[in-house]
Amino acid sequence: MTVEYLSSQKETIKNSSKISRIDQARMVYAVQSGQTQESVAQQNSVPRTTLEHWIKRMKELKCRHDPDVTAFLESPSGITFLHRVLVALLLIFHTDGGCGLASIHKFLKISTLDRFIGSSVGTLHKISDQLDQLLKEFGESERERLGAQMPHRKITGCGDETFFQEMMMMVFMEPSSGFILAEQKEEKRDAVTWENVIRTALKGLNVELIQVTGDEASGLTSAVTNLLGIHKSPDLFHIQQDITKGLTGPLARRKERAEEALKKCIEEKEQKMEELRKKFENPELTIKDKSIVKIGRKMLDAGIKEKACHQNLEKAENDQKAAQEARRAITENYHPFDLKTGVERTADQLSKELTEAYDRLDRVAEQAQCTDNQKKRLKKSRGMKESLLCTMTFFWCFVRTFIFNLQLSEEEMVIFQEFLLPIEYLKTVEKRCGKNERILAEGSRKSLEKALQIRYGPSLAKDRLEELQEGAQECAIFFQRSSSCVEGHNGSLSLKHHASRHLSAKKSNSRVVLHNYFSMRKDGSTAAERLFHQKPKDIFDWLLERVSWPVRPRSQRRKMERKTCGTADALTHSELVA
């Protein structure tokens, strides 16, 4: 073997590695379609020996594996299919689902796709890194493009922090769309840090933040009210949680203890009755036997004790029921419209209803002889009453301003305020709230829709009605009762960190991009589409255009070269072309 030959072979391998796999497949397909090796090699500026090597490799693969499957997967269409499958696998199961690369490798091996694409963990890791980088680029470019084109909007924000061991993440979202505006690691959670997070989250977006919903953490509250100068609405969940920890939770445990005590009394009474029955069955029993009297007295004591346990249980059940009804009243009344009638609820009306509910809670706490710490919890919850009233007042001020800017006629104003706005708000209640509230809201909504159709249906133009409905939808979403969107996202994020034993910054950013531009609700819309009011680019097609084509399984190719099929070795030049 001459030095010139070895140099030629090295140059052939070097040139081959620069040509993508899809282009190699297209050249082989062209030869198989009837073109000569010389013409295909000349058109694509590759050595004919290199092209002959690719054709021989195809023959060898057909000898080693199913020839029909091999013919497809080594064709241009087959390689495109493999490329799509590999990118989908890594995107869905690894990047978004948290599945390990070892499991992806195992899947490719079991499905025998590892015979046609590189499936080692190292190879998959390179593609995964490329995906992370591309997802970052996609998120930045689409946010910039859509943010510049979006119509001006007023929005609500929801913020909260979450912790993973010693790391703290700050999350800021737009609740109606579910779009994650910011998710970043921070060392502090003071007012200045929150201000920077929020301002960075809104950068490049044609939006005006008018309120933030969240817990009563001093840093977030100060940043919103003092530094940003906008309204801070309370999170109803935390208000309910204080009631639960301060009253309904302890009452539930008290009820459980009363049930256990009653059960124990009944068992003791039954045990004494069984002892008495056995005594009477004894033929040697005489009337002078004093044990019968003792057992009888114990049965009487057990009966008295059982009656006392029944009374304790009944009182515990009544207290718990009263506390739950009062807590439920706070939840059901904290709406701008009465769920039973759909009538507007003012701040004064809400104040009266909240006062009545908290008075009932205080009475139950006094009767149940709650501890000082439990009463402090109730007092803390009651202290949030003013924040709830401020949010109700803020909402109605926003609605009045919105209606004034629409320049509605007197009839349209009545339609908007008495029908369309409550209908759209009740629709949001049906989507977000519990079963009882959903049932009430659904009944009220249907009654209002029927009344609207009877009263104004024939006189109002369809186009105008749709315009007013869009305005009502925009208004309705600004009564934000909780930051549950952030709480739910933090829970999901915690699971991902736990499953992955810590998410890297790249993976965390990739998950945010997928959440915003890839995950869909039941109606098929993404968070980005709901926020920007226009569809983003298809993220999967965008990635397919940029992710590298799958490489060949290098280790298997070496085995194939050592165990070449005898038929392939015996091929002549004319057979290779055929």
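Student: Quick one to start: is Q35 buried, exposed or partly exposed?
Tutor: Partly exposed, because its relative accessible area is 34%. Keep in mind that we're looking at a predicted model.

Student: Where does Q35 sit, then?
Tutor: In the loop between helix 2 (21-32) and helix 3 (37-44).

Student: And what does Q35 touch, leaving out residues up to four places away in sequence?
Tutor: A30, V40 and Q43.

Student: Let's zoom out. How many helices and strands are there in the protein?
Tutor: 25 helices and five strands.

Student: What share of the residues is buried?
Tutor: 44% of the 578 residues. On the contact side, take those with a separation of 6 or more: 70% of them are between residues 24 or more positions apart.

Student: OK, cores. Which residues touch the most other members in the largest nonpolar core?
Tutor: L247, L361 and F416, out of 56 residues in that core.

Student: Which elements give two or more residues to this core?
Tutor: Helix 11 (236-281), helix 12 (290-333), helix 13 (347-367), helix 15 (385-406), helix 16 (410-432), helix 17 (435-456) and helix 18 (462-476).

Student: Are F398 and F402 buried or exposed?
Tutor: Both F398 and F402 are buried.

Student: How many aromatic pairs turn up in the whole structure?
Tutor: The search finds 14. One of the ring pairs is F72 with F81, which have their centres 6.1 Å apart and their planes at 50 degrees, so that pair is tilted.

Student: How accessible are those two, F72 and F81?
Tutor: F72 is partly exposed, with a relative accessible area of 40%. F81 is partly exposed as well, at 39%.

Student: Which residues do ring pairs link into a cluster?
Tutor: Y334, F337, F395, W396, Y425 and F479.

Student: Switching to helix packing. At what angle do the axes of helix 6 and helix 8 cross?
Tutor: Roughly 75 degrees, and the axes of helix 6 (residues 76-96) and helix 8 (residues 121-149) come within 11 Å. That angle makes helix 6 roughly perpendicular to helix 8.

Student: Which residues meet there?
Tutor: From helix 6 you have L86, V87, L90, L91, H94 and T95, and from helix 8 L124, I127, S128, L131, D132 and L135. By type, the residues of this contact divide into eight nonpolar, three polar and one charged.

Student: What about T70, where is that?
Tutor: T70 is in helix 5 (residues 67-73). T70 counts as buried because its relative accessibility is 0%. Its contacts, again not counting residues up to four places away in sequence, are M58, L61, K62, H65 and F116.

Student: Last one: how far apart are R328 and A357?
Tutor: 29 residues in sequence and 8.9 Å in space, C-alpha to C-alpha. R328 is in helix 12, and at 36% relative accessibility R328 counts as partly exposed.

Terms used: Residues are numbered from 1 along each chain as its sequence is written. This is a predicted model: local features need pLDDT of at least 70, side-chain atom pairs count only at pLDDT 80 or more; totals for chains, interfaces and linings use all residues. Side-chain values use heavy atoms; hydrogens and water are left out. A nonpolar core is a set of buried Ala, Val, Leu, Ile, Met, Phe, Trp, Tyr and Cys residues joined through side-chain atoms within 4.5 Å. Buried means under 20% relative accessible area, exposed over 50%, partly exposed in between (1.4 Å probe, protein chains only). Helices (H or I, at least four residues) and strands (E, at least two) are DSSP runs, numbered from the N terminus. Axes are lines fitted to C-alpha atoms, for helices over the stretch in contact, and angles run from 0 to 180 degrees between N-to-C directions. Angles under 35 degrees count as roughly parallel, over 145 as roughly antiparallel, 65 to 115 as roughly perpendicular and the rest as oblique. Contact means heavy atoms within 4.5 Å. Ala, Val, Leu, Ile, Met, Phe, Trp, Tyr, Cys and Pro count as nonpolar, Asp, Glu, Lys and Arg as charged, and the others, Gly among them, as polar. Rings of Phe, Tyr and Trp (its six-membered ring) pair if their centres lie within 6.5 Å; planes under 30 degrees apart count as stacked, over 60 as edge-to-face and the rest as tilted.
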